[in-house]
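Visitor: I would like to go through a protein model step by step. Please show it first, and then I will ask my questions.

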Amino acid sequence: MIIEELYREHWSLVCGFLLRRTRDPHLAEDLAQETFVKATRALLGWRGENPAAWLLAIARNVLLDHVRRRRTELALPDPDDLGVPPIGVDALEVRDVLDRLPAQHRKLLELVYLEGFSMVEVAAMTGKKHNTIKTAVWRARATFAEEYGATR
């Protein structure tokens, strides 16, 4: 796959990923451009794995580099925007329960809740349908809730 095809097929995914994290359309576009420049430079080293996952990993690194250079903090999304009720749990307990989950459940929950990828992005990264990922995340959350409830 050549870089023009990657750009056409994945620009909106990469730009949307960066926009949700920066909340600045101009910055998101600049970082998306930098992502594709880095992807162009790294194209020879690309082993042909999932292009969306590869580009999102580059975008995440570009964003982290930007934050480090600027020494700015990105605003956390409002919990109401995420639809997540405020919770007061011990992070170590959560990590312990996550570690006991099957690897697939753990990875999905980490991608969505700890690393902040949307379900659409996870679907693109894994090559699965959005509804398949929604169902898998729902099952992973149910397993997590069951395990977490057993520890209390």
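Guide: Helices are DSSP runs of H or I with at least four residues, numbered from the N terminus. The model shown is a predicted one.

Visitor: How many helices and how many strands does the protein have?
Guide: From the N terminus on, the order of elements reads α-α-α-α-α-α-α-α. The count for the protein is eight helices and zero strands.

Visitor: What percentage of the residues of the protein count as buried?
Guide: A residue is buried when its relative accessible area is under 20%. The protein has 152 residues, and the share that counts as buried is 33%.

Visitor: What share of the contacts with a separation of 6 or more is between residues 24 or more positions apart?
Guide: Take the contacts in the protein with a separation of 6 or more. Within that set, residues 24 or more positions apart account for 65%.

Visitor: Is Thr35 buried or exposed?
Guide: Thr35 is part of helix H2, which covers residues 25-42. Without counting residues up to four places away in sequence, Thr35 touches Val14, Leu18, Leu55, Ile58, Ala59 and Val62. Its relative accessibility is 0%, so Thr35 counts as buried.

Visitor: Is Arg41 buried or exposed?
Guide: Arg41, too, is found in helix H2. The cut-off for exposed is over 50% relative accessible area. Arg41 has 68% relative accessibility, so it counts as exposed.

Visitor: How many Å apart in space are Arg41 and Ile3?
Guide: In sequence, Arg41 and Ile3 are 38 residues apart. Going from C-alpha to C-alpha, their distance in space is 10.0 Å.

Visitor: At what angle do H1 and H2 pack?
Guide: Two packed helices are described by the angle between their axes and the distance between the axes. For helix H1 (residues 3-22) and H2, the axes are 8 Å apart and the angle is about 140°. This angle makes H1 oblique to H2. The crossing of the pair is right-handed, and the angle asked for is about 140°.

Visitor: How many nonpolar residues does the contact of H1 with H2 have?
Guide: On the H1 side, the residues include Leu6, Trp11, Val14 and Leu18, and they meet residues of H2, among them Leu31, Thr35 and Phe36. Sorted by class, the contact has one charged residue, five polar ones and 15 nonpolar.

Visitor: Is the crossing of H6 and H7 left-handed or right-handed?
Guide: Helix H6 (residues 103-114) and helix H7 (residues 119-126) have axes 9 Å apart, at an angle of about 135°. That makes H6 oblique to H7. The crossing of H6 past H7 is right-handed.

Visitor: What class are the residues in the contact of H6 with H7?
Guide: H6 contributes Leu108, Leu111 and Val112, while H7 contributes Met119, Val122 and Met125. The contact has no polar and no charged residues, and six that are nonpolar.

Key. Residues numbered from 1 in each chain as written. Predicted model: local features only at pLDDT ≥ 70, side-chain atom pairs only at ≥ 80, totals over all residues. Heavy atoms only, no water. Axes fitted to C-alpha atoms, helices over the stretch in contact; angles between N-to-C directions. Helix = DSSP H or I, 4+ residues; strand = E, 2+ residues; numbered from the N terminus. Parallel < 35°, antiparallel > 145°, perpendicular 65-115°, else oblique. Left-handed = near helix turned anticlockwise from the far one by under 90°. Contact = heavy atoms within 4.5 Å. Nonpolar A, V, L, I, M, F, W, Y, C, P; charged D, E, K, R; others polar. Buried < 20%, exposed > 50% of the residue type's maximum accessible area, 1.4 Å probe, protein only.
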